[in-house]
Amino acid sequence: MRLSNRQFNLLCATALMAIAAHLARLPWWLATSLLVIAPLRMLQRRRGGARISAWLRVPLVFALLLAITLQFGNIFGREPGSALACGLLMLKLIESETIRDARAGLGFSAFVLMSALLFTQTFGFTLMLCASLILLLAALNSLEPAPLDTRKPLSAELRTGARLLALGLPLAIAAFLFVPRLGAPLWGSPGGSLDARTGLDDQMSPGSMTDLLIDDSPALRVEFAGEPPANPARYFRAIVLWDFDGRTWTRKPGLLQGPAEDVRSSDTPIEYEITLEPTQRPWLVALDVPLQAPANLHMSNDRALFARERIGDLRQYRARSVIRYELAGELAERDRRRALDLPNGFDPKTHALASQWRGAGQSDAAILQSALALFEASFTYTLSPPLLGRNSVDEFLFDTKAGFCEHYSSAFVVLMRAAGIPARVVTGYQGGWWNALGNYLLVRQSDAHAWAEVWLHGRGWVRVDPTAAVNPARVEGRASADSEAQNWTPGSWLLGMRNRLDLINRLWTQSIVQFNALRQKSLLSPFGISEAEQEDLLLALGSAIAVILLLATAWVLHSGTAQRVDALDASWNRLRARLGRRGLVSRTAEGPFDFMARTRHRIEEPDVQQRLEQLVHAYVTLRYAVIEPDPAAVSAFAKAVGEFHLPRAVRVRD
């Protein structure tokens, strides 16, 4: 049976919704092609175009395979596999002409939707998939044969799809809870390389952090055991960069070895738990400065936390830190040389300025203050700085004088090293937004920050944030204060609402996304089963399905009578019941006209009798004079019945 234009349009809309779930990950050429094919195909069918020939369809399949292979190197894996699935789904629309084709296309659309969950499982994305499922179920329902050739409005189709989705939810919840889970997902963690934010890298050059500073997605969430530190003290240490080649700061892997630098503090340690978003990097984050590595993690000798593998999924860990401390009171000679090393032939003006300060007999602390005063006097904080050339520090300090945290930290450390003061760059996050409702600190990628550490005799490594000298609000307020980073939001109210909505996403992540095999085993502990085995879970699944089916059966039986009465008969029965309460009772198997003829003489008021006769004639016409009553006429009849009443003053003869 050939598809109608309406059925085909629903099929195309469903396929486009499925592809939209992958759109951000598709190559631009493929995304553009897929978005163009569906409208063109709909237009071609509407104009009565002929079926697309197999001589065109088959070469397109091979062309798609070749293009995917050239783009990704192969067709295997989540990224090329999802791109191939989206392409094949759109090619299916080219050949879809029959009900059978449409059912196959909708089934494939469901598969493409499911595959999107391999990349991300956030609450908002899940809601979008549910909306896509409503459209998919509505499209499937439109393919079912109907007794009459009636055209339902799209809203009615969507309501049917929503009801079907709601009816399936109890079984889906039971399966989610009790179907035995694997120790690890079959395709690996959902937060793969495509969905995970890249986070901070172990190298920094001018402009390398721009994408992070305009990325408002969550980076980590922190729950403190006690009161959180004040915003100026919220420095989260991630990576320490020691090596500079004239443009880029990096760290060589050798520093991962050896004992951590000694830390002394008289403060009570701050205890907290961090939930880190996937980064596809081995580096983790801790409040500056961590005292020891959390369980199953490691600490480099400059007190940066790291894992042996890349962070491909949400990572939770507890840590203890101090925010007032003495770090590395004694500096090893190897570390001193490394913290003073600068490449030859770069930034002569910077070296000359540092030599001038040192030649004037200034102490290390005085040189530090001179550098901060230089930044405070004439520099500008901006996320759109001019491009820098070979002598990037010279151009920044003496020409452009505009940049953001990575420019200031890099130039400051070069100045310190040129003056003979050991210094290094630290990258991480600063600030965050305190969610009072959820009692946790939300740190976004836009809170990424870079600062400096200088080693001073008798004090060890001292944190110095040169950005604060230029833009104090960057540290005292939120990360993007007084910068272009907040221009993309319509107002602070939207910013606050978005931050509060993060609580919903956090609860979703903790209760749904992180529901793993270990948590499933403790699911039946309230029933005396401390560690549920597969047999226990399957028994619970069977019991849950049985209860759901029993409740569904009871609901159907309870509402069966009402379901068998359509809207027209429901209105007629309501009229009969209303008349019966005034003594005008209709007899069994008595037709509407017979009832009217028998009771006409009992109503004394002519106008009331006339209105009742009109209602009876209207019902008979709608029920027996047409094959299918017009819905508008049925609604008008129901309204007339609702407005008809026998006033108490009207006498009904015995």
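Mentor: Before we look at any residue, note that a polar contact is a pair of N or O atoms within 3.5 Å, where, within protein, one must be able to donate a hydrogen and the other to accept it, and residues adjacent in sequence count only if both atoms are side-chain atoms. This is a predicted model, in which local features need pLDDT of at least 70, side-chain atom pairs count only at pLDDT 80 or more, and totals for chains, interfaces and linings use all residues. Residues are numbered from 1 along each chain as its sequence is written, and side-chain values use heavy atoms, with hydrogens and water left out.

Trainee: With which side chains does the side chain of Glu97 make a polar contact?

Mentor: The side chain of Glu97 makes a polar contact of 3.3 Å with the side chain of Arg45, and another, of 3.4 Å, with the side chain of Arg2. Glu97 lies in the loop between α4 (78-95) and α5 (99-116), where helices (H or I, at least four residues) and strands (E, at least two) are DSSP runs, numbered from the N terminus.

Trainee: Does Glu97 count as buried or exposed?

Mentor: Buried means under 20% relative accessible area, exposed over 50%, and partly exposed in between, with a 1.4 Å probe and protein chains only. Glu97 has 3% relative accessibility, and therefore counts as buried.

Trainee: How should I read a sheet, and in what order do the five strands stand here?

Mentor: Strands of a sheet pair through backbone hydrogen bonds, either parallel or antiparallel. Two strands are taken to pair if DSSP finds at least two bridges between them. Here five strands form an open sheet in the order β11-β7-β2-β17-β16, with antiparallel pairing. Because β11 (315-321) and β16 (433-435) stand at the edges, each with a single partner strand, one side of each is left without a neighbour in the sheet. Strand β7 (residues 270-276) pairs with β11 over seven bridges, and the bridge partner of Glu273 in β11 is Arg318.

Trainee: Which strands are joined to β18 by bridges?

Mentor: Strand β15 (residues 423-430) is joined to β18 by seven bridges, and strand β19 (residues 460-464) by five, in both cases running antiparallel. Ala423 stands opposite Val454 in β18, while Ala452 stands opposite Val464 in β19. Strand β18 (residues 448-456) is mostly covered, since nine of its nine residues are buried. In the hairpin of β18 and β19, which has three residues between the strands, Gly458 takes a positive phi near 85°.

Trainee: How many aromatic pairs are there?

Mentor: Rings of Phe, Tyr and Trp (its six-membered ring) pair if their centres lie within 6.5 Å, and planes under 30 degrees apart count as stacked, over 60 as edge-to-face and the rest as tilted. By this rule the count comes to 17 aromatic pairs. In one of them, the rings of Phe379 and Phe396 have their centres 5.4 Å apart and their planes at 55°, so the pair is tilted. Phe396 is buried, with a relative accessible area of 2%. Phe396 also forms an edge-to-face pair with Tyr408, at 5.1 Å centre to centre and 80° between the planes. Phe375, Phe379, Phe396 and Tyr408 form one aromatic cluster.

Trainee: Over which ring does the charged end of Arg390 sit?

Mentor: A charge sits over a ring if NZ of Lys or CZ of Arg is within 6 Å of the ring centre and within 35 degrees of the ring normal. The charged end of Arg390 sits over the ring of Phe346, 4.0 Å from its centre.
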